[in-house]
Amino acid sequence: MTVSSFRPEIYAIDFGTTNSLLVAANADAVTEPVPLDPSAPDPTLFRTLMYFPHRDHCYYGAEALKAYVEHEMVGRFIRSVKKHLPLRSFVGTYIEDRPLNLEDLIGLFLREMKLRADRHFGADVTRVVLGRPARFAVGDAEDRFAEARLHRAARNAGFKEISFCPEPVAAGRDFAGGLEGERLVVVGDFGGGTSDFTVMRLGGHEFHPEDVLAVGGVSVAGDLLDGALMRHRVCRHFGADVTYTVPMGSNVLTMPVHLMERLCSPADISLLNERDTLEFFKQVKQASLGKDDRAAMDRLFTLVEDQLGFSVFEAIEACKRALSDSEAAELHYRYPGIDLSEHVLRIEFEDYSKREWGKILDALDATMAKAGTQYGDIDVVCLTGGTARVPVIARGFRDRFGAEKLRQFRNFHSVVAGLGARARERL
């Protein structure tokens, strides 16, 4: 990190499920995204990853992934932590014998962002504008609960003045600079954990809060689409179809749904590596009935104990991306004891994930209804985020608005640029 002549007064942070970004602002200007992660291919994209080789040390971003491999995947690797914010049932976790609640975990990551930015500018900035999804959760109470937790995490990180701005509103403000005259715009912001929509008037005048006609969204995006592929094509390799009996019993049982759902979640898969859960899996293996069940349970133990969840989901995501460009794709994953190969058709993936993409498009429809506008009234549709490229979702937008109205905007930097403009206004 180098000392800059720019003197920041406030930061704007796009804390994402997959990537996090930061810009700085003062009364005169907003910076470009700060290169927080020199080890990353794009240093401005700070991957929202944390790796604890032991209780008292943590690596972040690209360094977390590198250290995780170097330590032979021993320790605790954490990803998609933002997903847990609206879940009252998720209080926190243990790193060895060290208890960390969710606000502590997120606070550590935000604090690392602050420290790296402070070091870059030679400053100590305590004001921040944080992006937030249009909806953390469907229920208002859970949505408020999630924002309150994120506020406490920012406090833990060392910020004293904290405000929030919906991420799709921020993306729309960045997009407004390229418009000629006033337009009625729909912004779709797709991340790893949420899909957010905003209907607003943009261009031709200075932005005002009343230009936002409606904001909506759903906690469904890239991670759950990956989970659908895991559920329908990969889980069976790791014991999802195992049958077993209990001692002295005759009833044939199947793997508990709640454990398999953890297996299908990039954020939750690491939670399977708990003593009680592993003991249960051992009992299932001993009492399994199918000829291939023990081999599947062996693969499950390798997946969980060697903490391969991240790399397995990387392979799944690569297959999903390939299906955006081709009608079929290969899903390969190899590791000692695991040799997984699946040929996946796009039409199959769309069927597997119809619940997830259906919820995304339903949220779009609800946001339009809330705004009181018709699809034909919209002049431009601004889409940002990789999930917008998933063919079935792109088709849903084309069918509603027409292909000529769709614009694919900057996938990673649009939200944080808009947050920076909002931060500067607060000075």
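A salt bridge is a side-chain nitrogen of Lys or Arg within 4 Å of a carboxyl oxygen of Asp or Glu. The model discussed here is predicted.

Q: How far apart are the closest N and O atoms of Lys-285 and Asp-298?
A: Lys-285 lies in helix 7 and Asp-298 in helix 8, 13 residues apart. A salt bridge requires the nitrogen and the oxygen to be within 4 Å, and Lys-285 and Asp-298 form one. Their closest N and O atoms are apart by 2.5 Å.

Q: Is Asp-298 buried, partly exposed or exposed?
A: Buried means under 20% relative accessible area and exposed means over 50%. Asp-298 has a relative accessibility of 36%, so the class is partly exposed.

Q: Which residue forms a salt bridge with Asp-143?
A: Asp-143 lies in helix 3, and its partner lies in strand 9, so the pair ties together parts that are 11 residues apart in sequence. Both residues are buried. The closest N and O atoms are 2.7 Å apart, and the partner is Arg-132.

Q: Which strands stand at the edges of the open sheet?
A: The sheet has 5 strands in the order 13-12-11-18-19, with mixed pairing. An edge strand here has a single partner strand, so one side is left without a neighbour in the sheet. The edges are strand 13 and strand 19.

Technical notes: Residues are numbered from 1 along each chain as its sequence is written. This is a predicted model: local features need pLDDT of at least 70, side-chain atom pairs count only at pLDDT 80 or more; totals for chains, interfaces and linings use all residues. Side-chain values use heavy atoms; hydrogens and water are left out. Two strands pair if DSSP finds at least two bridges between them. Helices (H or I, at least four residues) and strands (E, at least two) are DSSP runs, numbered from the N terminus. Buried means under 20% relative accessible area, exposed over 50%, partly exposed in between (1.4 Å probe, protein chains only).
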